[in-house]
Each structure stands twice: as structure tokens, then as C-alpha cells.
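Open the model in your viewer and keep the selection tool ready. Each stop tells you what to pick and what is there.

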Amino acid sequence: MENLLDLNFLIESFPAIISRLPVTIGIAVGSLLLSLVIGVAAALIKIYKVPVLRVITSIYISFIRGTPLLVQIYLVFYGIPKIIYFLQSEYGWLQSADVNSIAPEFYALMAFSINLGAYLSETIRSAIESVDRGQFEAAKAIGMTPVQMMLKIVFPQALTVAIPNLGNMFISTIKDTSLVFIIGVIDIMGQAKILGSRGLAFFEVYIAVSIVYWILCIAVERLLVKIEKRARRYERGIA
Amino acid sequence: MIKLEKLHKYYDRQHVLKGIDLTVEKGEVVAVLGPSGSGKSTLLRCINFLEEPTSGIVEIGGKRVDAATAKKKEIFALRTATGMVFQQYNLFKNLTVLQNVSVGLTSVKRMKKDAADKKGIEMLEQVGLSSKLSHYPAQLSGGQQQRVGIARALALDPEVLLFDEPTSSLDPELVDEVLATIRRVADTGKTMFIVTHELSFAREISDRVIFMEDGVIIEQGTAEQIFTKPAVERTRQFLGKAVQG
Ligand SMILES: Nc1ncnc2c1ncn2[C@@H]1O[C@H](COP(=O)(O)OP(=O)(O)OP(=O)(O)O)[C@@H](O)[C@H]1O
Ligand SMILES: [Mg+2]
């Protein structure tokens with residue numbers, strides 16, 4: 001009798017898939033952090049209308065939004081080595097970098113940071129712009145420098161506003177990292193593919209890996225609710 | 001001492017301050033009166049460069065800043081020499097009451113956290129709020145928030161305090177506690193500029209009253225002079241029943 005599923009194979013594939021979870025989480029969290037830096041920089045460039053950079057930023061955001069993530073991953077994967085090689089041979093820069101020894105995880109991290117940074121920048125910009133003008137004025141009036149004003153007053157308030165959006169984008173990124181196997185990263189998806197072809201049981205491993213993604217995303221969602229609650233504690237008025 | 005010389009402010013082509021000249025002695029309390037749109041807030045905000053004057057000179061405690069050549073450093077110096085109390089309080093929402101008062105001490109005056117907290121608590125005692133140190137602004141009444149605003153401004157020991165309608169956003173029953181706090185600060189000999197619509201309070205607290213209209217000071221004098229025998233008809237109209245009252 002033909003079974004719909006090889007349940008044993010499915011269950012046995014979990015440990016191997018889960019063992020690659022740090023790769024998936026690492027790329028997602030790493031690119032979240034890097035993209036926050038990119039996103040804040042891009043947002044500030046737009047808010048302060050910095051000449052030249054502002055145009056570059058607009059083109060960057062428009063390009064990222066207008067091209068598929070998959071294509072962007074390939075561009076980074078094939079482009080960065082070429083650029084490094086070019087800089088080495090033309091200018092003698094980056095001599096210590098060995099293009100052949102760069103791990104595919106690095107390219108994945110770069111591609112996702114660049115991608116997410118563009119999307120975050122709009123969220124961050126509107127969050128910063130949502131901070132009451134009076135907060136800026138009070139900070140200036142006591143003599144804070146723009147950097148102090150941003151770090152102590154504006155960013156904390158903007159971040160609180162942005163958390164739900166940032167969270168949704170982070171969850172999307174976790175799921176999108178399933179694309180990284182195409183450049184040779186063995187994340188949970190890559191591992192599932194390997195197991196699947198070994199046992200010729202693709203349906204089973206994809207069920208297993210989808211369950212892992214699902215649980216991961218539920219856990220992150222729960223965590224986000226807690227983080228948001230904590231960040232918003234100062235907004236609670238007189239009960 | 002504060003000195004304003006030929007202060008002009010344009011918003012695009014709108015001429016909002018038309019050459020303000022003013023000298024205020026140390027310890028003087030100046031009430032700024034005038035109809036809506038006459039430029040009172042703009043004048044106050046030009047003193048600490050929250051609005052950059054189009055031209056003119058602001059001098060506080062011997063430091064002269066010419067709007068035409070003002071450098072960032074000079075503007076920071078003016079801002080540390082002044083404290084501002086806002087109509088909407090503008091307390092830092094993400095900081096506790098104590099942090100609101102101490103953040104300027106640690107970040108602007110580079111004080112150690114312990115010393116800043118100590119001074120912050122002292123300031124909050126002066127405005128009667130030392131029991132609310134770890135509350136957030138959203139947990140305070142408007143009157144309490146404004147008193148924290150006053151403590152925040154006082155903490156940096158400014159040469160002059162600038163009040164822009166400090167009681168205009170308050171429910172009527174909360175006005176008195178804030179006025180009482182301002183009165184106590186005035187009694188310590190602080191130099192103060194107060195833009196207010198509370199005429200009787202202005203009369204009681206100020207050494208000098210300035211009456212503005214359409215970007216110019218059209219009359220000034222002691223509270224007694226302005227409120228009993230204003231020289232300019234427009235001032236008399238504006239003060240209305242408060243004259244002689
Ligand atoms: N940021 C700004 N941009 C453009 N115009 C402004 C700005 N701020 C103030 N003005 C204009 O400058 C004039 C003076 O405004 P200001 O706020 O100084 O008046 P005010 O005397 O404080 O009035 P009120 O009693 O209503 O507070 C008004 O005509 C106002 O519309
Ligand atoms: Mg005003």
C-alpha cells in the first residue's frame with residue numbers, strides 16, 4: 001500500500017534541520033541589525049535633505065523596491081567578488097581580502113541587509129517624523145547637540161512607534177532567508193533540500209521545514225508583543 | 001543682563017519682528033503682552049535661536065551673538081544660558097520625571113549621574129514633585145507636567161528663563177499651582193521673560209511690562225504704569241477692564 005507520507009522520515013529529519021537554525025536566525029538577526037543602521041542613515045538623509053546623498057538614497061530605495069530579492073541576492077553574490085577583485089588589481093586596495101574564502105553566509109548577510117535597509121528606511125523615516133515637534137524643541141532648548149537629541153529623545157520614541165512595522169518586516173525576512181540556499185548557504189531550507197534528495201522524500205522534508213519556520217515565526221511574534229509592551233510602558237497614562 | 005539689538009525676523013516675506021531693541025537687567029521679571037500674532041512667541045524663540053533671527057544681535061551674560069554670523073557653538077551657548085518653559089510642556093515622553101530634569105545635566109553639562117540625580121531631586125523638591133521621580137509624563141496632570149518643565153529649565157542654572165504661555169494649556173483649576181511655582185522662582189531673583197494672557201498675574205509678578213503689536217514693542221513700563229495709565233491707546237484697549245483693576 002502506498003503511503004501518503006513517510007512519517008518516520010519526516011520526524012527523523014527534524015534534528016538535522018533544526019541544527020541549521022542558527023544559520024537562519026543569524027542571517028535574519030544580523031541583517032536586521034545592519035539594516036537598522038542603513039535604514040536610520042537613509043531616513044536621516046531624507047529628513048535632512050542632504051544634497052547628493054539624498055538622490056543616491058532615493059535611487060537605492062527605488063531600485064530595491066523595484067527588483068526581486070532573488071535577483072538582488074545574485075547581484076551581491078556575483079558582484080561583490082568582482083568589485084573586490086577590481087579594487088585589488090586596479091588600486092591595490094583590500095589586499096588582505098581573499099575573494100575565494102568569503103563564506104556564502106557573508107553574501108547572504110549583505111544582500112538581506114541591503115534589501116531590508118531600503119524597506120526599513122521608510123518606516124524609520126515616518127516614525128521619526130511622527131515624533132512631536134515639541135520634543136525636538138525641548139531638546140534643543142536645553143542645549144542638546146543633534147546627536148544627543150536623536151539618541152536620547154527621538155530614536156527611543158521613534159523606535160517604539162516603529163516596532164510593529166519593524167517586527168512584520170523582520171518576520172518576512174526570516175521567511176525570505178529560505179532563498180539563501182541558491183548561493184550555497186546551508187540554512188534550514190538548504191538542509192531540508194539535502195535531506196530530501198538523499199532520501200527522495202521531498203514532501204516530507206518540506207513539511208518538516210515549514211513547521212520549523214512556522215514555530216519560529218510564532219515565537220518571534222510573541223517576543224515582539226512583549227518588546228512592544230515594554231517599549232510602550234511610558235505611554236500609559238493615569239489609570 | 002540680556003540685550004536684544006535690532007532683532008528682525010521674517011517668515012518668507014512676512015515681517016514678524018521689526019527691529020526689537022530691549023535691555024533687561026539681571027533679576028528683572030518681564031511680562032510680554034500683546035494680541036495673538038503680534039510676535040510674542042517669535043521674540044522668545046529668537047532669544048534662544050529656536051527660531052533663527054533674520055538679523056540682529058542677542059546678548060546674554062556678556063556673550064554677544066550676531067544672527068548674521070552665528071556659529072553652532074554660539075547658539076549652544078545661548079541655549080545653555082536660557083531655559084524655556086513651553087505652553088505644551090514638551091516633557092520628554094520617554095523619560096521619567098527625574099530623568100527629564102537630569103538629562104540636561106548629564107548630557108549638556110557633563111555631570112556625573114549621581115550628582116545630576118541629586119540636583120534633579122533638589123529641583124523637583126522646589127516644585128513640589130519629589131514624590132513622582134519615577135513617573136512618566138503621561139502619568140501626571142498638566143499642572144504637574146508644567147512644574148516638571150519648570151524644574152527641567154531651572155536645573156541648568158540658566159541666566160534667564162523664558163516662559164511661553166505656561167498656563168494656557170491647563171485646565172482652569174490647575175493654573176494656580178503653576179503660577180505659584182513661577183512666583184516662587186521669581187522670588188529667587190531669576191531673570192524671566194513671561195509671555196502670558198493672565199493679566200492680573202502679569203501685573204502682580206512683573207517688574208516691567210512690554211506691550212507688543214505687529215512685531216514692534218509699542219509700549220513698555222513698570223507694571224504699575226502700564227496697568228494704571230497706559231500711554232498708548234492700543235494698550236489701553238487691549239488691557240480693557242484690567243486697567244485700573
Ligand atoms: N514657523 C512659522 N512659519 C511661518 N509663520 C510663522 C511661524 N511662526 C509664527 N509665524 C507667524 O508669525 C506671526 C507671529 O507669530 P507668534 O507665534 O510669534 O505670535 P504670538 O504673539 O505668540 O501669538 P499668540 O498669542 O497667538 O501665541 C504670526 O502671524 C504667525 O502666523
Ligand atoms: Mg505665542
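Select Asn90(B) first. Asn90(B) sits in the loop between strand E6 (82-85) and helix H3 (97-107) of chain B. This is a predicted model. Check the backbone here: phi of Asn90(B) is positive, about 55°, although the residue is not a glycine. Most residues other than glycine have a negative phi. Is Asn90(B) buried or exposed? Asn90(B) is buried, because 24 other C-beta atoms lie within 10 Å, and 20 or more is the cut-off for buried.

Now go to Asp12(B). Asp12(B) lies in the loop between strand E1 (2-11) and strand E2 (14-24) of chain B. Phi of Asp12(B) is near 50°, again a positive value in a residue other than glycine. Asp12(B) is exposed, because the number of other C-beta atoms within 10 Å is 5, and 12 or fewer counts as exposed.

**Stop: ligand 1**

The residues around ligand 1 include Tyr11(B) and Val16(B), along with Gly34(B) and the run Ser36(B), Gly37(B), Ser38(B), Gly39(B), Lys40(B), Ser41(B) and Thr42(B). Which helix gives the most to this shell? Pick helix H1 (residues 40-47) of chain B, which gives three residues. Colour the shell by class: two residues are nonpolar, seven are polar and one is charged.

**Stop: the core**

Select Val32(B). Leaving out residues up to four places away in sequence, Val32(B) touches Lys40(B), Leu43(B), Phe193(B), Ile194(B), Val195(B), Ile210(B) and Met212(B). Val32(B) belongs to the largest nonpolar core, which has 112 residues. Val32(B), Ala151(B), Leu162(B), Phe163(B), Met192(B) and Phe193(B) have the most contacts inside this core. Where does the largest share of the core come from? Select helix H5 (residues 104-130) of chain A, which supplies 12 residues. Another core lies apart from this one and has nine residues, among them Ile188(A), Val205(A), Ala208(A) and Val212(A). In soluble globular proteins, nonpolar side chains tend to be buried together.

**Stop: chain A as a whole**

Chain A has nine helices and zero strands. The C-alpha atoms of chain A fill a box of roughly 80 × 65 × 30 Å along the principal axes. Of its 239 residues, 31% count as buried.

**Stop: helix H7 of chain A**

Select H7(A), residues 146-176. A straight helix of 31 residues would span 45 Å, but H7(A) spans only 36 Å between its end C-alpha atoms. Look for a bend along the way. A kink of about 55° lies at Ala162(A), shortly before the proline Pro164(A). Ala162(A) is one of the buried residues of H7(A), and so is Ile163(A). Others include Met149(A), Ile153(A), Leu166(A) and Phe170(A). What covers the buried residues of H7(A)? The cover includes helix H2 (21-47), helix H4 (69-91), H5, H6 and helix H9 (202-231) of chain A.

**Last stop: where the chains meet**

Show both chains. Here 19 residues of chain A are in contact with 21 residues of chain B. On the chain A side, helix H6 (133-141) and helix H7 (146-176) each supply at least two residues. The largest share, six residues, comes from H6(A). By class, this side of chain A has eight nonpolar, six polar and five charged residues.

Key. Residues numbered from 1 in each chain as written. Chains lettered and ligands numbered in written order. Predicted model: local features only at pLDDT ≥ 70, side-chain atom pairs only at ≥ 80, totals over all residues. Near = placed C-beta within 6 Å. Helix = DSSP H or I, 4+ residues; strand = E, 2+ residues; numbered from the N terminus. Nonpolar A, V, L, I, M, F, W, Y, C, P; charged D, E, K, R; others polar. Contact = placed C-beta atoms within 7 Å. Core = buried A, V, L, I, M, F, W, Y, C linked by C-beta atoms within 7 Å. Expected span 1.5 Å × (residues − 1). Bend = angle between axes of the 7 residues up to and from the residue.
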